[in-house]
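Subject: Structure for you to look at

Hello,

Here is the structure we talked about, with its sequence. Please open it first and then read the notes that follow.

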Amino acid sequence: MAAATIDDAVAFFVSFFDAEHDAVKANLTGARAFPQLNKKLQSMIGSGVYYERRRIDVAELKEFGGKAYENSVKALAARPLLLVTEHDYGKRKIYCAYAEDMRQLGKRVSYAMAFWAIPRWKIVAVYWACASCGGSGKYEGVACGDCLPTVRMKGIPVKSGKGWHNQAGERKLMGHITANVVGEPTAVRKLVRPTEPACAEHFDSLETTATRKTTPTRKPKASRKSSSRKKEAK
Ligand SMILES: [Zn+2]
């Protein structure tokens, strides 16, 4: 098997967000296709990572959500992908997708969620960003008060909020408190620049040229097993 590239990761995350949108929409509308669509979504998620599995009580949502519920279903779209980073993870590679909420891009663009995946492609962790600091852990130069750890560290002044909160899967991939198990990115794909200053600062700080030249760059493929030279083969 050829080694995975960051382009493969981009293609995986885009198809994952499509599957997520289809399953979540079916769930929110009570569609009969939900079990089938969710099976496809879950096939892209590692075992032990609990994400979007539960069937929602639509009648209850409609009753309590009213118009706001209807509007949120209407506005639902596949999560825009903003950035993908590649990291060393033991002897393997791991990839992180920074994404917006599940709606079309608006004027304000910020990191909302981060999804981590390993090649042969499974999601291994899901994190959500503190809405106040966009995952940076800082607000106007000081520790973000909205994501400070609840447990005081022994005598050590806390300089930063957590920024990112683990929702499912591996817990040591991001956040500013625990020692992360991954280091600086070894490759980066920038897709959409966030407008929120803290996110934009992170985005701009990443070196695009960190992309390794040793692996051939390929366009993301839609089909699974086709050769990359389909057009030329004609
Ligand atoms: Zn925060």
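**What was found**

His87 has Ile94 as its bridge partner, and Ile94 lies in strand 2. That pair is one place to start in this model, which is predicted.

The pairing of strands 1 and 2

Strand 1 and strand 2 run antiparallel and are joined by eight bridges. Val84 stands opposite Ala97, a residue of strand 2. The two strands form a hairpin with two residues between them, and there Gly90 has a positive phi near 65 degrees. Strand 1 also pairs with strand 8, again in the antiparallel sense, over four bridges. Leu83 has its bridge partner, Lys190, in strand 8.

In which order do the six strands of the open sheet lie? The order is 7-4-3-2-1-8, and the pairing is antiparallel. Strand 7 and strand 8 (187-190) are the edge strands; each has a single partner, so one side of each has no neighbour in the sheet. From one strand to the next, the twist averages 20 degrees. Helix 1 packs on this sheet and touches strand 1, strand 2, strand 3, strand 4 and strand 8. The direction of helix 1 makes about 130 degrees with that of strand 1. As background, strands of a sheet pair through backbone hydrogen bonds, in either a parallel or an antiparallel way.

The nonpolar core

The largest nonpolar core holds 47 residues, and Phe13, Tyr95, Ala97, Ala114, Phe115, Trp116 and Ala117 have the most contacts inside it. Several elements each supply at least two residues of this core, among them helix 1 (6-29), helix 2 (34-42), strand 2 (92-99), strand 3 (113-118) and helix 4 (197-205). Which helix gives the most to the core? That is helix 1, with nine residues. In soluble globular proteins, nonpolar side chains tend to be buried together.

Trp116 can be followed through its contacts. Leaving out residues up to four places away in sequence, Trp116 touches Ile94, Tyr95, Cys96, Ile123, Val124, Ala125, Glu170 and Leu173. Ile94 in that list is also the bridge partner of His87.

A residue in helix 2

Asn38 is found in helix 2. Is Asn38 buried or exposed? Asn38 counts as buried because 21 C-beta neighbours lie inside 10 Å, and the cut-off for buried is 20 or more. Arg54 is 16 residues from Asn38 in sequence, and their C-alpha atoms are 9.4 Å apart in space.

The chain in outline

The chain has five helices and eight strands. Along the sequence they follow the pattern α-α-α-β-β-β-β-β-β-β-β-α-α. Of its 234 residues, 30% count as buried. Of the contacts between residues at least 6 apart in sequence, 58% join residues at least 24 apart.

The average pLDDT of the chain is 86, and 84% of the residues score at least 70. Where is confidence lowest, and where is it highest? The lowest is in helix 5 (residues 230-233), with a mean of 41, and the highest is in strand 3, at 98. Over residues 210-234 the pLDDT is below 50, and this stretch has 24 contacts in the model beyond near neighbours in sequence.

Regards

Definitions and conventions
Residues numbered from 1 in each chain as written. Predicted model: local features only at pLDDT ≥ 70, side-chain atom pairs only at ≥ 80, totals over all residues. Core = buried A, V, L, I, M, F, W, Y, C linked by C-beta atoms within 7 Å. Buried ≥ 20, exposed ≤ 12 C-beta atoms within 10 Å, placed from the backbone. Contact = placed C-beta atoms within 7 Å. pLDDT = per-residue confidence, 0-100. Pairing = 2+ DSSP bridges. Axes fitted to C-alpha atoms, helices over the stretch in contact; angles between N-to-C directions.
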